[in-house]
Amino acid sequence: QVQLVASGGGLVQAGASLRLSCAASGLTVSSYAMAWFRRAPGKAREFVASISWSGETTDYEDSVKGRFTISRDNASNMLYLQMNSLKPEDTAVYSCAASVGVRIPTRYGYEYWGQGTQVTVSS
């Protein structure tokens, strides 16, 4: 069974930093793109960032570009999201996702979704 479990969220003040982690297990394929998404109450799920299988190529939603950094460690099946200069509008449940057989970063078509972690940024 594929499991993607996100952690590292919390309550912080605007301008603070958080580092989210996603532990992947049960994936039997040798390559898969990964991404972070977020969902605020009453809003649709929003793409945040994605990363290629090799980790060499990344893609970011405009509102987080320059503030967030996505990375991965394939040896340990871990995905990370370093979030700096957090803003109240970043408040959401952040979830990680995987797309098997895809090596390039992508914003769409993710078939595996993980447990989210709550990020709350106060003014």
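These notebook entries record what I looked up in a predicted model of one protein chain.

**Basis of the entries**

I worked from a predicted model, in which local features need pLDDT of at least 70 and side-chain atom pairs count only at pLDDT 80 or more, while totals for chains, interfaces and linings use all residues. I number residues from 1 along each chain as its sequence is written, and side-chain values use heavy atoms, with hydrogens and water left out.

**Entry 1: the chain as a whole**

I looked up the secondary structure and found zero helices and 11 strands. Both are DSSP runs numbered from the N terminus, helices being H or I of at least four residues and strands E of at least two. The order of elements from the N terminus is β-β-β-β-β-β-β-β-β-β-β. The radius of gyration is 13 Å, close to the 14 Å that the globule rule gives for 123 residues, so the chain is as compact as a globular protein of that length. That radius is taken over C-alpha atoms, and the rule is 2.2 Å times the number of residues to the power 0.38. Along its principal axes, the C-alpha trace spans about 40 × 25 × 25 Å.

I then noted burial: 43% of the 123 residues are buried. Here buried means under 20% relative accessible area, exposed over 50%, and partly exposed in between, with a 1.4 Å probe and protein chains only. For contacts (heavy atoms within 4.5 Å), I recorded that 58% of those between residues at least 6 apart in sequence join residues at least 24 apart.

**Entry 2: the nonpolar cores**

I defined a nonpolar core as a set of buried Ala, Val, Leu, Ile, Met, Phe, Trp, Tyr and Cys residues joined through side-chain atoms within 4.5 Å. The largest one has 30 residues, and Trp36, Leu81, Met83 and Tyr94 have the most contacts inside it. The strands that each supply at least two residues of this core include β1 (3–7), β4 (32–39), β8 (78–83) and β9 (92–100).

My search of the whole structure gave five aromatic pairs. Rings of Phe, Tyr and Trp (its six-membered ring) pair if their centres lie within 6.5 Å; planes under 30 degrees apart count as stacked, over 60 as edge-to-face and the rest as tilted. Tyr110 and Trp113 make an edge-to-face pair, 6.4 Å centre to centre with 65 degrees between the planes. Tyr110 is buried at 8% relative accessibility, whereas Trp113 is partly exposed at 32%. Together with Phe37 and Phe47, these two residues form one aromatic cluster.

I also checked Arg45. Its charged end sits over the ring of Trp113, 3.7 Å from the ring centre, and over the ring of Phe37, 5.8 Å from the centre. The criterion is NZ of Lys or CZ of Arg within 6 Å of the ring centre and within 35 degrees of the ring normal.

**Entry 3: Ser52**

I located Ser52 in the loop between β5 and β6 (58–60). Ser52 is buried, with 3% relative accessibility. Its side chain reaches the backbone nitrogen of Glu56 at 3.4 Å. Leaving aside residues up to four places away in sequence, Ser52 touches Thr57, Arg72, Arg103, Ile104 and Pro105.

**Entry 4: the loop between β8 and β9**

Ser85 and Leu86 both lie in this loop. Ser85 is partly exposed, at 41% relative accessible area, but Leu86 is buried, at 1%. Beyond residues up to four places away in sequence, Leu86 touches residues including Val12, Leu18, Phe68 and Val121. Leu86 and Val119 are 33 residues apart in sequence and 9.7 Å apart in space, C-alpha to C-alpha.

**Entry 5: positive phi**

Most residues other than glycine have a negative phi. I noted Ser85, with phi near 50 degrees, and Asn77, with phi near 55 degrees. Asn77 is in the loop between β7 and β8 and is partly exposed at 32% relative accessibility.

**Entry 6: Gly101**

I found Gly101 in the loop between β9 and β10 (112–113). Gly101 is exposed, with a relative accessible area of 62%. Residues up to four places away in sequence not counted, Gly101 touches Ser31 and Tyr32. Gly101 and Pro41 are 60 residues apart in sequence and 32 Å apart in space, C-alpha to C-alpha.

Definitions and conventions: Polar contact = N/O pair within 3.5 Å; in protein donor to acceptor, adjacent residues only side chain to side chain.
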